[in-house]
Amino acid sequence: MDVVRVSKRLSYVLRHQPASIGLTLDDAGWVDVETLLSALAAHGPGLSRAELEHVVATNDKRRFAFDETGARIRATQGHSRPVELGYQPQTPPDELFHGTVERFVPSILADGLRAGRRHAVHLSSDVATARAVGGRRGSPVVLRVDAAAMAAQGFSFTCATNGVWLVDAVPPEYLTFHDGE
Ligand code: HQG
């Protein structure tokens, strides 16, 4: 099994296009595991329950999670469709980071960080992760988010089970450039 390939296929189905294999996700993004496995097999290479468990357990960014009974699965974050993940609002660390690339910076400084096609803006608590996220698109630029000030102003933050911090938007006044390590 090519684990990366399976992870990408699961991301596509569980975050973006469940209908591509005839699936419907519930409002919180869950789908029944047996239904998912049947749908995958009907629309391409099949996957066993054991293989699915292996992908979920070893995924580098813990992109997927089973529910407490193991009967359902969902993506932990990153959806491009409306989803109510149900994470409880939490007080964020005082500073969070967002990795992007230079070509987006003028627009980000004008409008702030927007969720775009995703359900939320994705932030990380460490610079290295932000740099890696930005680096997917070119030479990374890391922005520092004054999460303490945002929280004080009433912005609601949640943290996905894989440690990614989520917020609806970040207005530009809370952003600065992060220099150095
Ligand atoms: C940029 C991956 C112009 C933003 C990663 C980013 C992450 C703006 C892009 C997760 C903007 C959106 C999410 C504005 C934001 N003007 N550009 N006002 N506001 N942007 O992929 O944060 O591997 O939707 O800087 O590792 O890059 O898929 O978000 O460059 O955790 O699990 O618009 O996806 O995880 O891009 O990445 P994305 P992201 P996975």
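Gln88 counts as exposed, because its relative accessibility is 59%; exposed means over 50% relative accessible area, buried means under 20%, and partly exposed is what falls in between (1.4 Å probe, protein chains only). The model here is a predicted one, so local features need pLDDT of at least 70 and side-chain atom pairs count only at pLDDT 80 or more, while totals for chains, interfaces and linings use all residues. Residues are numbered from 1 along each chain as its sequence is written, and side-chain values use heavy atoms, with hydrogens and water left out.

Back to Gln88, which sits in the loop between strand E3 (72-75) and E4; helices (H or I, at least four residues) and strands (E, at least two) are DSSP runs, numbered from the N terminus. Leaving aside neighbours within four places in sequence, Gln88 is in contact with Phe157 and Thr158, where contact means heavy atoms within 4.5 Å. Gln88 and Ala160 are 72 residues apart along the chain, and their C-alpha atoms are separated by 9.4 Å.

As for the overall layout, the protein chain splits into domain 1 (3-75) and domain 2 (96-180), with bounds that come from an automatic or database domain assignment. The C-alpha centres of domain 1 and domain 2 are 27 Å apart. Domain 1 puts 4 residues into the contact and domain 2 puts in 5 residues. The size of an interface is often given as the accessible area lost when the parts come together. Domain 1 and domain 2 bury about 400 Å² between them, and 35% of that is on carbon and sulfur atoms; buried area is the accessible area (1.4 Å probe) that two parts lose on being put together, summed over both. On the domain 1 side, His16, Lys61 and Arg62 supply 80% of the area buried against domain 2, more than any other three residues.

What holds for polar pairs across this boundary? Between domain 1 and domain 2 there are 2 residue pairs in polar contact, both at pLDDT 80 or more. A polar contact is a pair of N or O atoms within 3.5 Å; within protein, one must be able to donate a hydrogen and the other to accept it, and residues adjacent in sequence count only if both atoms are side-chain atoms. The side of domain 1 that touches domain 2 has no nonpolar, 1 polar and 3 charged residues. In this scheme Ala, Val, Leu, Ile, Met, Phe, Trp, Tyr, Cys and Pro count as nonpolar, Asp, Glu, Lys and Arg as charged, and the others, Gly among them, as polar. The number of salt bridges between domain 1 and domain 2 is 0, a salt bridge being a side-chain nitrogen of Lys or Arg within 4 Å of a carboxyl oxygen of Asp or Glu.

Most residues other than glycine have a negative phi. Phi of Arg62, however, is near 45°, a positive value in a residue other than glycine.

Across the whole structure, a search turns up 6 salt bridges. In helix H3, Arg49 and Glu53 lie 4 residues apart, about one turn of the helix, and their side chains meet in a salt bridge (2.7 Å, N to O). Arg49 is partly exposed at 29% relative accessibility, and Glu53 is partly exposed at 37%. Another salt bridge joins Glu95 and Arg144, with the closest N and O atoms 2.4 Å apart. Glu95 lies in strand E4 and Arg144 in strand E7 (residues 140-146), so this pair ties together parts that are 49 residues apart in sequence. Arg114 and Asp111 also meet through their side chains in a salt bridge (2.8 Å, N to O); Arg114 is exposed at 55% relative accessible area, whereas Asp111 is partly exposed at 41%. Asp26, Asp67 and Arg72, meanwhile, are linked in a network of salt bridges.

Thr100, in strand E4 (residues 95-101), counts as buried at 5% relative accessibility. Apart from neighbours within four places in sequence, Thr100 is in contact with Val105, Ile108, Gly134, Ser139, Pro140, Val141 and Leu143. Ser11 lies in helix H1 (residues 3-16) and is buried at 10% relative accessibility. With neighbours within four places in sequence again left out, Ser11 is in contact with His16, Arg63 and Phe64.
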